[in-house]
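Visitor: Before we look at the model together, I would like each label to be set against its definition.

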Amino acid sequence: KNYDLDLVRRVLRCAFQMSEKNLGAIFIVGNADAILEHSDASEISHFAAIVSAEMEQLSDQELINFAKQDGATVIDVQGQFRGCMVLLRPDADTQAEIGPGKGARHSSAAKMSAEAQCLAITVSHDGPITIYDSGRRVLSL
């Protein structure tokens, strides 16, 4: 799907670090414009908002600090960090393969993955990591 393998590896590295610390997160990688169109902007001050930054400019710890906040971290396929604390608002009728025992974080990530045909990497507070691609659960760790 034209995902930059180095970018996906980096996001997964951060996800594993977060999992080890019992920090929950949603990373969304894909068509950021479509994702943000179906989401609410974060409630933080516009002075603190990041509109776009090269992922290469952010350390892993900075990315983790953004991702551990409530909401999703959105990264486009070109490697641009497009926002954090993004409140995903997929349509309730969107069909996605969420998996048994998964909560709101997984549901919103899987459905947004289906709607925007993108990759969603979720980290549960209790450790497991689930990856969704275009609404399909492709890996649970």
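The conversation below takes the terms one at a time.

Guide: This is a predicted model, in which local features need pLDDT of at least 70 and side-chain atom pairs count only at pLDDT 80 or more, while totals for chains, interfaces and linings use all residues. Residues are numbered from 1 along each chain as its sequence is written, and side-chain values use heavy atoms, with hydrogens and water left out.

Visitor: What makes residues 5-20 helix 1, and how does its reach compare with the expected span?

Guide: Helices (H or I, at least four residues) and strands (E, at least two) are DSSP runs numbered from the N terminus. Helix 1 has 16 residues and reaches 22 Å from its first C-alpha to its last, close to the 22 Å expected, where the expected span is 1.5 Å times one less than the number of residues. At its start, a side-chain oxygen of Asp 4 comes to within 2.8 Å of the backbone nitrogen of Asp 6, and just after the helix Asn 22 takes a positive phi of about 55°.

Visitor: Why is Ser 39 called buried?

Guide: Buried means under 20% relative accessible area, exposed over 50%, and partly exposed in between (1.4 Å probe, protein chains only). Ser 39 has a relative accessible area of 12%, and is therefore buried; its place is in strand 2 (residues 39-40).

Visitor: Why is Thr 130 buried, and which residues does Thr 130 touch?

Guide: Thr 130, which lies in strand 7, has a relative accessible area of 0%, so it is buried. Contact means heavy atoms within 4.5 Å, and, not counting residues up to four places away in sequence, the residues that Thr 130 touches include Lys 102, His 106, Ile 121 and Leu 139.

Visitor: Why is strand 1 described as largely enclosed?

Guide: Strand 1 is largely enclosed by the rest of the structure because 6 of its 6 residues are buried. Ala 25, Phe 27 and Val 29 point one way, Ile 26, Ile 28 and Gly 30 point the other way, and all are buried.

Visitor: How do you know that strand 1 is paired with strand 6 and with strand 4?

Guide: Two strands pair if DSSP finds at least two bridges between them. Strand 1 and strand 6 run antiparallel and are joined by 5 bridges, with Phe 27 opposite Ile 121, whereas strand 1 and strand 4 pair in the parallel sense over 5 bridges, with Ile 75 as the bridge partner of Val 29.

Key
A polar contact is a pair of N or O atoms within 3.5 Å; within protein, one must be able to donate a hydrogen and the other to accept it, and residues adjacent in sequence count only if both atoms are side-chain atoms.
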